[in-house]
Amino acid sequence: MNVDTLVFRVAGAMVTVGVALAFTHHIAWLAVPAFVGLNMFQASFTGFCPLASIAKRFGVERGTAF
């Protein structure tokens, strides 16, 4: 698994969990997928992703996007 795959998997999981929690518990849980989406948006312009930086420090194989 490389950094790109890890980032997309974690982002997808966070969006799914945030929406599920908003549906089952409280609408405020929509802040989680909103934060993930905004982070992905800024990463598309800057190329900086906090999760990718952390994964690289832990020795995850480099990807092409981050």
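Reply: Two ground rules before you start. The model is predicted, so local features need pLDDT of at least 70 and side-chain atom pairs count only at pLDDT 80 or more, while totals for chains, interfaces and linings use all residues. Residues are numbered from 1 along each chain as its sequence is written, and side-chain values use heavy atoms, with hydrogens and water left out.

Me: Why is L30 called partly exposed?

Reply: Buried means under 20% relative accessible area, exposed means over 50%, and partly exposed is in between (1.4 Å probe, protein chains only). L30 has 37% relative accessibility, so it counts as partly exposed. L30 sits in the loop between α1 (3-24) and α2 (31-46).

Me: And what makes V15, V19, I27 and L30 a nonpolar patch?

Reply: Patch residues need over 30% relative accessible area and no salt bridge; nonpolar side chains (Val, Leu, Ile, Met, Phe, Trp, Tyr) are joined within 5 Å, and like charges within 9 Å. A salt bridge would be a side-chain nitrogen of Lys or Arg within 4 Å of a carboxyl oxygen of Asp or Glu. V15, V19, I27 and L30 form such a patch on the surface, with about 320 Å² of accessible area together. Areas come from the Shrake-Rupley method with a 1.4 Å probe, and for residues only the protein chains shown count as cover.

Me: Why does M40 count as partly exposed?

Reply: The relative accessible area of M40 is 40%, so the label is partly exposed. M40 is in helix α2, and beyond its neighbours within four places in sequence it is in contact (heavy atoms within 4.5 Å) with F8 and A11.

Me: What about V10 and T64: why do their labels read as they do?

Reply: V10, in helix α1, has 33% relative accessibility, so it is partly exposed. T64 lies in the segment after α3, and T64 is exposed because its relative accessibility is 80%.

Me: How do you know that F41 and F45 are edge-to-face?

Reply: Rings of Phe, Tyr and Trp (its six-membered ring) pair if their centres lie within 6.5 Å; planes under 30 degrees apart are stacked, over 60 edge-to-face, and the rest tilted. The count by this rule is one aromatic pair. F41 and F45 have 5.0 Å centre to centre and 80° between the planes, which gives edge-to-face. Both lie in helix α2, four residues apart, about one turn of the helix, and both are exposed.

Me: What makes V3, V7, C49, A52 and A55 a core?

Reply: A nonpolar core is a set of buried Ala, Val, Leu, Ile, Met, Phe, Trp, Tyr and Cys residues joined through side-chain atoms within 4.5 Å. V3, V7, C49, A52 and A55 form the largest such set, five residues in all. Two or more core residues come from each of α1 and α3 (50-57). Across the protein, 20% of the 66 residues count as buried.
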